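This briefing goes through selected features of one protein chain, grouped by topic. Please keep the sequence and the 3D view at hand while reading.

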Amino acid sequence: MNPATIVILDFGGQYAQLIARRVRENQVHSVIVRPDVSAEELRATNAVGLIFSGGPASVYDSNAPKCRKEVLETGLPILGICYGLQLACDMLGGKVKPGAAREFGRAHLDVIRQDTLLAHVPERTTVWMSHGDVVKEISSDFLSLAQTPNCPIAAVKHRSRPIYGVQFHPEVTHTPCGGQIIRNFLYEICGCKGDWQIGNVIKDSVEAIRIRVGPTARVICGLSGGVDSSVAAALVHEAIGDRLTCIFVDNGLMRTGEADMVESTFRRHFKIDLRVVDASDRFLKRLEGVADPQDKRRIIGHEFIEVFRAEAKQFKDARFLCQGTLYPDVIESGHSVGGQAANIKLHHNVGGLPAELGFELVEPLRDLFKDEVRRVGEHLGLPEEIVWRHPFPGPGLAVRIIGPVTRARLALVRAADDILIEEIRAAGWYNKIAQAFVVLAPVSTVGVMGDGRSYGDQHVIAIRLVETTDFMTADWVHIDYELLGRVSNRIINEVRGINRVVYDVSSKPPATIEWE
């Protein structure tokens, strides 16, 4: 039985996933669907309420995304956010026009009519706006609840049906009362019970794995040591015990001690059948002289599949492949409930490993966000260094070395990265940072070391520290300068071949988190 669910119709807004996460933070299940989802598909999700997301379009454009009229007739409570408000008003007799002035950023909101949606919200508060159009007129079926200086209709409710809308974004932290508004909608309007609990998720997932795999088949898991594959493996092991075999491919591109950590955790602590394949020579030989990052990714992906395929062939009773696919992967790949999501990334491969390997997929995390996966890992007893490990790219250190990958350059990056992580852990910064790493730049740099000048064999290390909640946007960390100086000093003194350290202070966008 599906849990009671809030369904988010995604009209292409940048915050659709954030809305879903905010709902789940209130212990209510949520899913994201395409905007033209049918009423029948909604019933299959056990929907108890709908949220219409924001979006970049104008509702009066001929090709603007819209929901089906039947969705408004389901009787389900609806909360429209930004574009979602404008769409609901437009479809029910209102008029949407370009605003006299656009609103981007903080705005002062005045509540002019108290209502369940705005219960416990101050009469004057700050909200986060991001719109150019406004609702100019509402039909006689609606009431206006709030306004801002540039937006006279900033919140509405239908007089007789549970349809609400806000022009601002309650899902972002820049709207201080946003959490209260979302809770009001979930609990007071939709009647949610708060029964989406991690303990129940684990129980249901374990039972589903047992049913899918059956009593005799074996499951193979491609273990990377990251939180996603590690939690997925722990869940499958909880369900079927020693019929799980994990394969860890050491490609020679990992950080210091990672292979040992994986082996210690899964073979010795969890007693899982773990096969470690040392393919480092094979990978490094194939990468010789390769500088283009896309070529690196292609080579590493191809070699991984070949190594994994050869190892997996040894297990004749293996029918299933376990993968740590997360819900954002499902959404972005167009496999979410109701079909293709509005912000699909067509290049994304949910399966990770190709279908021609011949396995059926087991994806125990495909309904979870990253923060939920971490909570599952904690419940299952995974060590903190795995559960809270910073993300690490699939191609490993190959994409943190700009230019060709060599053993010598790998040694430089590992040594500098070890110092960075050691220092930020000691200073209590590790868990405050979403991702921390170093990048080896492809330039030689002049310096003075001892009594002489150095140049040809000296390189630059860039430090990258970012803070983010969803990895869709990110900002550089305003870390303590003394700590940064200490890291720089140690890297230059202890890592031969590095004589200059720089700090990356670019945000995402326009930059990305990784350099390649």
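Which residues of H12 are buried? They are Glu 372, Val 373, Arg 374, Val 376 and Gly 377.

**Confidence**

- Averaged over the chain, pLDDT is 89, and 92% of the residues reach 70 or more.
- Among the elements, strand S4 (residues 78-81) has the highest mean pLDDT, 98, and strand S17 (residues 452-454) has the lowest, 58.
- Residues 335-351 have pLDDT below 50, although the stretch has 44 contacts in the model beyond near neighbours in sequence.
- Where pLDDT is low, predicted coordinates should not be read in detail.

**Helix H12 and its packing against H7**

- The buried residues of H12 pack against helix H1 (16-25), helix H6 (198-213), H7 and helix H13 (384-387).
- A pair of packed helices is described by the angle between the axes and by the distance between them.
- For helix H7 (residues 227-240) and helix H12 (residues 370-379), the angle is about 45 degrees and the axes are 10 Å apart.
- H7 and H12 are therefore oblique to each other, and H7 passes H12 in a left-handed crossing.
- On the H7 side, the contact is made by Val 227, Asp 228, Val 231 and Leu 235; on the H12 side, Lys 370, Val 373, Arg 374, Val 376 and Gly 377 take part.
- Sorted by class, the H7 contact with H12 has five nonpolar residues, three charged and one polar.
- Just after H12 comes Gly 381, with a positive phi of about 85 degrees.

**Helix H4 and the residues on either side**

- Helix H4 (residues 83-91) is largely enclosed by the rest of the structure, because eight of its nine residues are buried.
- The buried residues of H4 are Tyr 83, Gly 84, Leu 85, Gln 86, Leu 87, Ala 88, Cys 89 and Met 91.
- Cys 82 sits in the loop between S4 and H4.
- Its phi is near 60 degrees, which is a positive value in a residue other than glycine.
- Cys 82 has a relative accessible area of 5%, so it counts as buried.
- After H4 comes Gly 93, where phi is positive and near 100 degrees.

**The loop between S5 and S6**

- Glu 123 lies in the loop between strand S5 (95-111) and strand S6 (124-137), and His 120 is placed in the loop between S5 and S6 as well.
- His 120 is not a glycine, yet its phi is positive, about 70 degrees.
- Is His 120 buried or exposed? Its relative accessibility is 71%, so His 120 counts as exposed.
- Glu 123, at 61% relative accessibility, also counts as exposed.
- Leaving out residues up to four places away in sequence, Glu 123 touches Leu 109, Asp 110, Val 111 and Gln 114.
- Glu 123 and Leu 465 are 342 residues apart along the chain, and their C-alpha atoms are separated by 39 Å.

- Lys 508 and Pro 509 are joined by a cis peptide bond with omega about -15 degrees.
- The bond from Pro 509 to Pro 510 is cis too, with omega near 10 degrees.

Methods: Residues numbered from 1 in each chain as written. Predicted model: local features only at pLDDT ≥ 70, side-chain atom pairs only at ≥ 80, totals over all residues. Heavy atoms only, no water. Buried < 20%, exposed > 50% of the residue type's maximum accessible area, 1.4 Å probe, protein only. Helix = DSSP H or I, 4+ residues; strand = E, 2+ residues; numbered from the N terminus. pLDDT = per-residue confidence, 0-100. Contact = heavy atoms within 4.5 Å. Axes fitted to C-alpha atoms, helices over the stretch in contact; angles between N-to-C directions. Parallel < 35°, antiparallel > 145°, perpendicular 65-115°, else oblique. Left-handed = near helix turned anticlockwise from the far one by under 90°. Nonpolar A, V, L, I, M, F, W, Y, C, P; charged D, E, K, R; others polar.
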